[in-house]
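Please examine the sequence and the three-dimensional structure shown below. The paragraphs that follow lead through its helices, its charged pairs and a part of its surface.

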Amino acid sequence: MAEEKSFQSLNKPCVLLIVIAGVERFVFKGVASNLVIYLIDVMNMSSSSAARTVNSWCGFTSMLPLLVAPLVDSYWNRYSTILASSFLYLVGLLALTSTALNKSNSSSSSSSSSLFWSLYLISLGQGGYNPSLQAFGADQIDKEDELPTKTDTDKSPAKKSMFFKWWYFGICSGSLIGVSIMPNIQDTVGWGLGFAMPTMAMAVSIVMFSCGSRFYSYSHDRSNDVRSLEKVVQAIKCSVSKFVHSKTEEKKPGLVDLELEEKPLCLKGENETVCLVDERSNNSNHLVKIVKVVVSLLPIWTTLLMFAVIFQQPATFFIKQGMAMKRNIGDSYKIPPATLQSAITISIILLMPFYDTIFIPLTKLILRNENGITTMQRIAIGMFLSVIAMIFAATVEMKRLQTSTESELETLSIFWLLPQYILLGISDIFTVVGMQEFFYSAVPEGMKTMGIALYTSVFGVGSFLSALLVYLVEYFTSSEGGKGNWFSDDMREARLDKYYWLLAVTSALSLVIFVLLCNLQKTKS
């Protein structure tokens with residue numbers, strides 16, 4: 001009941017945008033969750049090549065917001081960015097659907113080219129769409145809700161935290177539908193319809209967003225007029241001008257003080273002269289502020305990369321692992337391995353309410369703290385659970401290898417994989433929501449889109465790091481002729497268990513460094 005009341009306390013624009021975000025996640029998961037199988041079965045790629053392709057695409061998709069966010073915060077507005085990005089997103093989905101429908105009528109090279117163009121069009125669309133939509137949603141919280149009151153000085157953090165939790169609940173619901181329904185349609189009906197349904201859903205979400213235009217609050221959208229990127233450029237120009245000016249005056253040291261007193265440094269334009277003394281100081285301070293924020297976040301940001309690497313496994317090697325296990329239900333139906341990703345989102349949807357109703361009150365009682373655990377403690381718990389998930393995945397893979405024989409590969413039930421999916425879902429509740437709150441709160445008011453982009457960039461760089469790890473492991477574990485590596489297409493020879501152990505160890509080291517950095521930061525503060 002408490003959760004229902006808290007959801008009702010969100011205004012109409014927030015609720016609508018949460019629904020739209022859920023639709024977008026259905027669209028993306030409907031494409032991405034089973035993409036590795038499409039690349040292997042339809043595009044005839046090897047397992048490692050397909051995994052690298054998916055990781056690289058996901059990395060590019062997640063990194064783009066980091067490039068787009070400064071432009072949104074500085075020059076564009078979020079509403080227009082969402083509309084323009086959603087159009088690109090839709091064009092990419094249409095191209096992907098067309099590629100799948102025309103695969104039999106086109107050559108292999110042209111199909112590959114069309115596939116990659118369509119995927120990266122989707123990436124370009126999502127690069128501006130996701131961070132802008134989430135920041136725009138957070139902006140819809142009423143202005144009076146952000147101001148502290150005499151009765152409740154913590155109203156704003158609670159309101160923001162509630163928004164992010166329901167936002168995450170919305171995208172998890174969309175993801176659940178995407179990973180549960182679409183792989184079945186793609187495997188049984190066909191890839192054309194399997195990609196057409198997300199395309200239609202995206203078109204509906206654009207209509208929904210446009211219909212809500214009269215309800216939205218635009219007061220936050222560039223209300224501060226903090227043109228971050230422009231001020232950075234101006235600050236650099238001013239610094240260069242100051243440096244050049246000081247160099248030219250070095251030849252006349254006796255006149256420097258007199259000239260600075262009589263005539264401050266000015267910039268002459270075509271029609272007017274603009275004095276830069278105060279502006280240069282303000283811009284320089286703004287540049288220093290941005291640099292300090294980014295630099296202060298980099299150590300924490302870096303330690304989260306291995307968590308992002310682990311979260312690439314359900315869409316790549318977990319699926320490959322599931323393909324080599326018993327998937328039959330009855331005589332005719334086989335479970336698509338990609339649908340097991342729904343266990344992640346189901347565990348999130350079912351267990352998230354218990355986080356507020358049971359876990360937080362329990363931690364308040366144990367820690368004797370009004371707020372329970374901190375955001376950083378929440379992230380650390382999730383990182384620890386992701387390590388346990390990889391240990392369990394390695395153990396299951398070792399058991400699969402022990403039970404498989406030359407004559408029969410599929411000896412172990414696919415449901416043995418469920419615990420590792422569920423553990424990742426629980427870790428998601430802690431770490432991902434904590435990361436969203438941390439990065440959004442850690443940046444100044446005029447850089448909120450950048451804060452969301454920093455959060456998504458963790459998964460972007462993590463995806464690239466995952467692709468790099470796959471390449472390095474394949475290179476160093478391959479025998480002569482490129483065979484016998486840990487990612488061999490023959491699952492009797494593949495050693496995914498060793499790869500999972502490698503991820504568990506490196507993630508555990510990242511967790512230790514994360515805890516040390518948090519303690520150091522706490523000591524300094």
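**Helices, salt bridges and a surface patch**

The axes of helix H2 (residues 12-32) and helix H5 (residues 78-101) cross at roughly 30° and come within 12 Å. H2 is therefore roughly parallel to H5, a label given to angles under 35 degrees. The crossing in which H2 passes H5 is left-handed, that is, the near helix is turned anticlockwise from the far one by less than a right angle. Such axes are lines fitted to C-alpha atoms, for helices over the stretch in contact, and angles run from 0 to 180 degrees between N-to-C directions. Helices themselves are DSSP runs (H or I, at least four residues), numbered from the N terminus.

The model is predicted: local features need pLDDT of at least 70 and side-chain atom pairs count only at pLDDT 80 or more, while totals for chains, interfaces and linings use all residues. Residues are numbered from 1 along each chain as its sequence is written, and side-chain values use heavy atoms, with hydrogens and water left out.

Side chains of opposite charge can pair when their charged atoms come close. The structure holds five salt bridges, each a side-chain nitrogen of Lys or Arg within 4 Å of a carboxyl oxygen of Asp or Glu. One of them joins Arg52 to Glu474, with the closest N and O atoms 2.6 Å apart. Because Arg52 lies in helix H4 (residues 47-74) and Glu474 in helix H18 (residues 448-477), this pair ties together parts that are 422 residues apart in sequence. Arg52 is partly exposed at 23% relative accessibility, whereas Glu474 is buried at 17%; buried means under 20% relative accessible area, exposed over 50%, and partly exposed in between (1.4 Å probe, protein chains only).

A further salt bridge links Arg378 and Glu437 (3.9 Å, N to O). Arg378 belongs to helix H16 (residues 375-403) and Glu437 to helix H17 (residues 418-442), so parts 59 residues apart in sequence are tied together. Arg378 is buried, at 6%, and Glu437 is buried, at 16%. Within helix H16, Glu397 and Arg400 are three residues apart and therefore separated by about one helical turn. Their side chains meet in a salt bridge (2.7 Å, N to O), and both residues are buried.

Ile346, Leu350, Leu351, Phe354 and Ile358 make a nonpolar surface patch of about 450 Å². Of these, Ile358 is placed in helix H15 (residues 342-367) and counts as partly exposed, at 47% relative accessibility.

Terms used
Patches are made of residues with over 30% relative accessible area and no salt bridge: like charges are joined within 9 Å, nonpolar side chains (Val, Leu, Ile, Met, Phe, Trp, Tyr) within 5 Å. Accessible areas come from the Shrake-Rupley method with a 1.4 Å probe; for residues, only the protein chains shown count as cover. Helices (H or I, at least four residues) and strands (E, at least two) are DSSP runs, numbered from the N terminus. Angles under 35 degrees count as roughly parallel, over 145 as roughly antiparallel, 65 to 115 as roughly perpendicular and the rest as oblique.
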